[in-house]
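Visitor: I have a new structure open and would like a quick tour. Can we start with the core and go from there?

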Amino acid sequence: MNDTILNSFFPIEGKKNHGMSNSQIAYCMAMFDIGVSVGFVFCVMFSEFVSKYLEKLTLCSGILTGIFTFAFGTTNMIYNKHLYILVTFSLRIFNGLMSSCIWGPGWALLCSLSHNKSTTNKLTTLALTATFFGYFSAPFCGTILYVNFGYGWPFFVIGLLEFSISVILLVYMSIKAREKQEEQTKVEHKKPEKILANLLQPHVIIHAYVIFEAAVLMGFFEATIALYLNTFSLSISEIGYIISTSCIIVIFLSLLSVYLNSKHYAETNLVGQFLFFSSMIVYSLSFINSMLSFSVEIAISGFLLHSIGRAFHAGSTSLVLKHIFSNVFEETSRNWANTTALTLTSILFFCGRLFSFSAVSGLLVKILEYETVVYVLISSSLLALCGEIFVFYKLKINA
């Protein structure tokens, strides 16, 4: 929630009260993604250390995230523009760094708590669903707190919750760790051999591209859907209603995918990728004759269809990568494989969003026409769908 809780009011506050330009506000928002990407790279480079200290790393990062989020709520008391920019940029980067150490290792920690394949899948999908719920509900909660109590309160509330929950869980996990110390010494979790060779297998590279391409599509819609719908003379409230509807779709269908992913994660992931491709086809139909009265309905249908695909794809894509690794890494490397799979998924996701915000939604839309960029994304989505069919085939053979 600390990523998007400021989306609804921070741009106005930064521009009105601190003289920030639109580009400075955009860069400040992007600092979180940069911090997350750097943090995930750290988790991959030091995966053996991360796997060894999953509990402490995850919960200590939660404590620091709460502190940084709380501190962001005090930045409104800084009246010097340059100091305000420096502090907000720094806090966003540090918050992203700590959040990366919650998501990747935290998901791997959930996987390590269960030795049952079906339960592991459900826990992972549930964690991803909770992440999406926080991501999409945070702007709504932040707006309510901001309107009723002021600038600092959204950050104070979320920061205190993160800090308190992390401290309680850290104490609890420390007690449980002592009780299971003898049991843990019997099982050795080690870093597997031939890591690079396993990571460079064709189906791993193909699925990595699929994850990256899905993040690019998501970032493209986030950056451009409101502007495109505005060309049909829709009001801000109408556009907000459409985007809120897509968020609700993602949240509730993600809950359904928790059940589907327990046994049919590969099928769910393939369906999600097919819906991505279909949504871009439908979305592009609105360009055929934008003067038609139903063109806006076609564009909205394509956007909502993309949201359905996102719900199915989000919870299953990391499971596919995790099960690819489980087929090539030995059982003693289970924690390492879980951590690496989930961390790589997150790296690709945030790098895809950054690439989409800067190169696709920014640079390409300026150089090419909007319609041309959509057609390029249709081609990349078709390529990803073909690749995912190959990955699905490989998983079924290995099963």
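Visitor: Which residues touch the most other members in the largest nonpolar core?

Guide: Leu 229, Tyr 283 and Val 374 do, in a core of 28 residues. Keep in mind that this is a predicted model.

Visitor: Which elements give two or more residues to this core?

Guide: They are α10 (202–230), α11 (236–284), α12 (295–328) and α14 (370–398). The largest share comes from α10, with eight residues.

Visitor: Back to Tyr 283. What is it in contact with, leaving aside neighbours within four places in sequence?

Guide: Tyr 283 is in contact with Phe 221, Ile 225, Tyr 228, Ala 299, Gly 302, Phe 303, Tyr 370 and Val 374.

Visitor: What other core lies apart from that one?

Guide: Another core has 18 residues. Among them are Ile 5, Cys 28, Tyr 84 and Ile 85.

Visitor: Let's zoom out. How many helices and strands are in the chain?

Guide: The chain has 14 helices and zero strands.

Visitor: And how much of the chain counts as buried?

Guide: Of its 399 residues, 50% count as buried. The chain exposes about 18900 Å², and carbon and sulfur atoms supply 70% of that area.

Visitor: What share of the contacts with a separation of 6 or more comes from residues 24 or more positions apart?

Guide: Such residues account for 85% of those contacts.

Visitor: New topic: rings. How many aromatic pairs are there?

Guide: A search of the whole structure finds 17. One of them is Phe 72 with Phe 155. Their centres are 4.9 Å apart, with 45° between the planes, and the pair is tilted.

Visitor: What about Phe 149 and Trp 153?

Guide: Their ring centres are 6.0 Å apart and their planes are at 50°, so that pair is tilted. Phe 149 is exposed, at a relative accessible area of 53%. Trp 153 is partly exposed, at 43%.

Visitor: Which rings link into a cluster?

Guide: Ring pairs link Phe 220, Phe 221, Tyr 228, Phe 232, Tyr 283, Phe 287, Phe 303, Tyr 370 and Tyr 375. Tyr 283 turns up again there.

Visitor: Tell me about α4. What span should its 19 residues have?

Guide: At 1.5 Å a residue, α4 should span 27 Å. Its end C-alpha atoms are 27 Å apart, which agrees.

Visitor: Which residues are buried in α4?

Guide: Including Phe 72, the buried residues there are Leu 54, Leu 57, Thr 58, Leu 59, Ser 61, Gly 62, Ile 63, Thr 65, Gly 66 and Thr 69.

Visitor: One last stop, Ile 324. Where does it lie?

Guide: Ile 324 lies in helix α12. At 2% relative accessibility, Ile 324 counts as buried, because the cut-off for buried is under 20%.

Visitor: And what is Ile 324 in contact with, leaving aside neighbours within four places?

Guide: Ile 324 is in contact with His 203, Val 204, His 207, Val 391 and Leu 395. The C-alpha atoms of Ile 324 and Lys 394 are separated by 8.9 Å, though these residues are 70 apart along the chain.

Definitions and conventions:
Residues numbered from 1 in each chain as written. Predicted model: local features only at pLDDT ≥ 70, side-chain atom pairs only at ≥ 80, totals over all residues. Heavy atoms only, no water. Phe/Tyr/Trp six-rings, centres within 6.5 Å; stacked < 30°, edge-to-face > 60°. Buried < 20%, exposed > 50% of the residue type's maximum accessible area, 1.4 Å probe, protein only. Core = buried A, V, L, I, M, F, W, Y, C linked by side-chain atoms within 4.5 Å. Helix = DSSP H or I, 4+ residues; strand = E, 2+ residues; numbered from the N terminus. Contact = heavy atoms within 4.5 Å. Expected span 1.5 Å × (residues − 1). Areas by Shrake-Rupley, 256 points an atom, 1.4 Å probe, with all protein chains shown as cover.
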